[in-house]
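Please read this briefing beside the sequence and the model.

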Amino acid sequence: ADVRVATVARGMFRDDVVLRATAAPLHSVMLDAVETGRVEEVFARDGALVQRGEVLFRLSNPQRRLELLAREAEHAQQISNLTNLRVSLEASRTQRQRRASDLAFALMQAQKQYDRNVALAQKGFVSAAVLEESGDRLAQQQRSLDTEKASDDIESATQRDAVRQMEQAIARLEAGMQLVNATVDALAVRAPVAGRLTDFRLQVGETVPPGQRLGRIDDVSRFKLSALVDEYYLNRVV
């Protein structure tokens, strides 16, 4: 009556082992302190379900605030310096244009005088010395105008370079200010992912140093089982 009869067939032999296992989330994200500071507010509690981007706690760091104020003041000063420089450069450009216009007018007058002297000299009313003197004045006016134009080109290039360098300095200040802003914003710590907040025990007034483990956020949708298997079964574990 105890005999069981069955047809022999090829298959898989299952050798089951009974173990005591611990359920744990399949994926977890660790929360470490990036910035140092004093805990001012705690908005979440250990074991709570949090959404991505939800504020967990807020730190205070006076040093970061002072850095931000210093960067903002420096940025405002550089903007003011750039505005003053542009006003000064515009006044200088206007003055150079006026000088160039005066020299161009003087050159035109010298050219007319020289042409009149040439015509009078051909008729014998003007001596060769007077003609030569008017020619020298014409040449001198031409050299003065050419020198002024060359000087204007050099000064304009120098001024453009000065403005460009100041604009680059302002851009670097703005980039630095954005970094400090991001650092200040990081004092309000948000959940990087959605899940269950675990091992989170911050208290108001506590000082948080950089790199401190503050807790973790567990994915509650999938879990894994952790168990200790005797080494006797290791080569057969599937």
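Leaving aside its neighbours within four places in sequence, with which residues is Leu202 in contact? Leu202 is in contact with Val39, Val42, Arg45, Phe57, Val208 and Leu214, where contact means heavy atoms within 4.5 Å. The model is a predicted one, in which local features need pLDDT of at least 70 and side-chain atom pairs count only at pLDDT 80 or more, while totals for chains, interfaces and linings use all residues. Residues are numbered from 1 along each chain as its sequence is written, and side-chain values use heavy atoms, with hydrogens and water left out.

**Nonpolar cores**

- The largest nonpolar core has 17 residues, and those touching the most other members are Val50, Leu56, Phe57, Leu197, Leu202, Val208 and Leu214; such a core is a set of buried Ala, Val, Leu, Ile, Met, Phe, Trp, Tyr and Cys residues joined through side-chain atoms within 4.5 Å.
- Buried here means under 20% relative accessible area, exposed means over 50%, and partly exposed lies in between, with a 1.4 Å probe and protein chains only.
- Two or more residues of this core come from each of strand E3 (37–42), strand E5 (55–60) and E9, and E5 gives the most, with three residues.
- A second, separate core has five residues, among them Leu82, Leu89, Met166 and Ile170.
- As general background, nonpolar side chains tend to be buried together in soluble globular proteins.

**Sheets and strands**

- Helices (H or I, at least four residues) and strands (E, at least two) are DSSP runs, numbered from the N terminus, and two strands pair if DSSP finds at least two bridges between them.
- E5 and E6 run antiparallel and are joined by three bridges, with Ala188 in E6 as the bridge partner of Arg58.

**Salt bridges**

- Twelve salt bridges are found in a search of the whole structure, each being a side-chain nitrogen of Lys or Arg within 4 Å of a carboxyl oxygen of Asp or Glu.
- The side chains of Arg96 and Asp152 meet in a salt bridge at 2.3 Å, N to O; because Arg96 lies in helix H1 (residues 62–122) and Asp152 in helix H2 (residues 128–185), the pair ties together parts that are 56 residues apart in sequence.
- Arg96 is buried, with a relative accessible area of 3%, whereas Asp152 counts as partly exposed at 24% relative accessibility.
- Arg99 and Glu148 also form a salt bridge through their side chains, at 3.2 Å, N to O, and this pair links distant parts of the chain, with Arg99 in helix H1 and Glu148 in helix H2, 49 residues apart.
- In that pair, Arg99 is partly exposed at 34%, while Glu148 counts as buried at 12% relative accessibility.

**Exposed residues**

- Thr22 is found in strand E1 (residues 22–25) and is exposed, with a relative accessible area of 51%.
- Not counting residues up to four places away in sequence, Thr22 touches Lys224, Leu225 and Ser226.
- Thr22 and Leu228 are 206 residues apart in sequence and 9.8 Å apart in space, C-alpha to C-alpha.
- Leu234, in the segment after strand E10 (223–226), counts as exposed because its relative accessibility is 52%.
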